[in-house]
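Hi,

Here is the structure I promised to pass on to you. Have a look at it first, then read my notes below.

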Amino acid sequence: MKPVYRLDLEAIVRRGYIRALVDNNSTSYFIYRGRAMGYEYELLQLLAKQLNVKLKITVTNGVDHAIQQLQAGEGDILAFPLTINKPRKELIAFTQPHFNTYQVLVQRKPERWRTLTQDKIDAALVRTPTGLSGKHVHVMKGTSHAMRMRNLSDEIGMDIDVVEDTLMVESEGLIRRVATGEIEYAVADHTMAQVNAAYYPNLDVRTVLSMSQQIAWGVRKNSPALLQAIDEWLREIKKAPTFMVIYNRYFKSPRTSLSRMRSDYFSYGGNRLSPYDYMIKQGALRLGWDWRLLAAVVYQESKFDPRGESWAGARGLMQLMPETARRFGARDLNDPQQSIRAGVGYLKYLDRYWTKSIPDSAERLKFVLASYNAGLSHILDAKKLTEKYSDEREDSSQWDGHVQSYLLKKSDPRFYRDPLVSAGYCKCEEPVNYIKDVLDRYEEYRVHIKDDVIDLQAVQNSVTAR
């Protein structure tokens, strides 16, 4: 057995970020209309803020596999909805419970169920554990569901054929397979089953298979300080309204969940980010970018609102100032197509400009994004300051820790009054954060949204048709 990775709270805080392992499902973490959401995700954001660190998300599948990743140091916290049980306590330390749930049988209602009375529906379904004798019941490998079904088989003195699916299947895959008729029965936690039953009305999730069980997160057993900090935070947040607001948003709002799950812009079921994806894909082809990167820029600028306007007068999807928009061919900034075309033109101009001095494309992207956000002149000032004041370790063609640091100095009179500075004062935390936010969102999109291979002419025809 490999040794368990060692990293506790002090080292995590010193490093500056906490890495969370999260499940791939419609309640824990997903993208909806370009925005990261989910019960686990929202709470993790609050936890990271409490610990004064950044949050880094790793999406994974299967409890056994996720525990192995946690032990190997690929995550610091296992933010799955884990059922607390003895075998898992041998491997990980559980946090304070989040809430209680219970296991239910997922099965299809009989044909023409809408025309039947509830009594007739019940008569056609498995309503007691003994009704599972000889039946094939699918569970995810390594879960408490598998353990419960084996124990249940012993309790009723009958054989239940427990089929353990691969540990890499995503957690809601079994529910979907029951709904589509691929398998007959599966087991799920009641909270997740209820959310999915709203989306698949042909499912029945009323047959209870377990007593109430506690749901919690997990950390390595050699991280006691981290565990204590999480527990203290959980105890406090559960006293405030915030916790129940988040819980109700994902588990007690069936209409909202149904609307989200039916949307093309819901990453768990669709592959779209906005109504403007075709235009964004066309613009990305012009730039030579992954379209999801350009989409991350558009979301950061306007949250896909074509009529958004900033305090400074920037408008539209790409939040261009009127003079910049006119320079790159846009007359009506509320027109999504004009805004994207002009924004792409400006990004292309910035990329050509920085190509002269920043040959590395990944590094150049940061200069382009900073220039788009703060203006080219401020970034040029920062580059000149780096060249003037840098020591041998600093490089004016590198962003992180080099030009970035001198951009932040432009709020200091000793630097913004330097004769070589042309754009003057700048409170430049915003462009620094802007780069991080765009690139982090791009990584989220890469995880959840497919990079379609598209035909430029097909995209052009679609845009024209709109």
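H17 and H18 pack with their axes 7 Å apart, at an angle of about 110°. The axes are lines fitted to C-alpha atoms, for helices over the stretch in contact, and angles run from 0 to 180 degrees between N-to-C directions. That angle is why H17 and H18 are called roughly perpendicular; the cut-offs are under 35 degrees for roughly parallel, over 145 for roughly antiparallel, 65 to 115 for roughly perpendicular, and oblique for the rest. On the H17 side, the contact is made by His378, Ile379, Ala382, Lys383, Leu385, Thr386 and Tyr389. H18 brings Trp399, His402, Val403, Tyr406 and Leu407. Contact here means heavy atoms within 4.5 Å. By class, the residues of this contact divide into eight nonpolar, three polar and one charged. For those classes, Ala, Val, Leu, Ile, Met, Phe, Trp, Tyr, Cys and Pro count as nonpolar, Asp, Glu, Lys and Arg as charged, and the others, Gly among them, as polar.

Before you go on: this is a predicted model, where local features need pLDDT of at least 70 and side-chain atom pairs count only at pLDDT 80 or more, while totals for chains, interfaces and linings use all residues. Residues are numbered from 1 along each chain as its sequence is written, and side-chain values use heavy atoms, with hydrogens and water left out.

From H15, Tyr346, Tyr349, Leu350, Tyr353 and Trp354 meet Leu376, Ile379, Leu380 and Lys383 in H17. This contact has eight nonpolar, no polar and one charged residues.

H18 (residues 399-408), for its part, packs with H20 (residues 429-448) at an angle of about 150°, and their axes are 9 Å apart. H18 and H20 are therefore roughly antiparallel. Trp399, Gln404, Leu407 and Leu408 of H18 make the contact with Glu429, Pro431, Val432 and Ile435 of H20.

Is Arg364 buried or exposed? Arg364 sits in helix H16 (residues 361-374), and it counts as buried because its relative accessibility is 11%. (Buried means under 20% relative accessible area, exposed over 50%, partly exposed in between, using a 1.4 Å probe and protein chains only.) Not counting residues up to four places away in sequence, Arg364 touches Asp351, Trp354, Thr355, Ile358 and Pro359.

The other one is Pro201, in the loop between helix H8 (190-199) and strand S12 (203-208). Pro201 is partly exposed, at a relative accessible area of 33%. Leaving aside neighbours within four places in sequence, Pro201 is in contact with Lys109, Trp113 and Arg114. Pro201 and Arg114 are 87 residues apart in sequence, yet 9.9 Å apart in space, C-alpha to C-alpha.

Finally, the whole protein. There are 21 helices and 13 strands; these are DSSP runs numbered from the N terminus, with helices being H or I of at least four residues and strands E of at least two. Of the 466 residues, 53% count as buried. The C-alpha atoms fill a box of roughly 85 × 55 × 40 Å, taken along the principal axes.

Cheers
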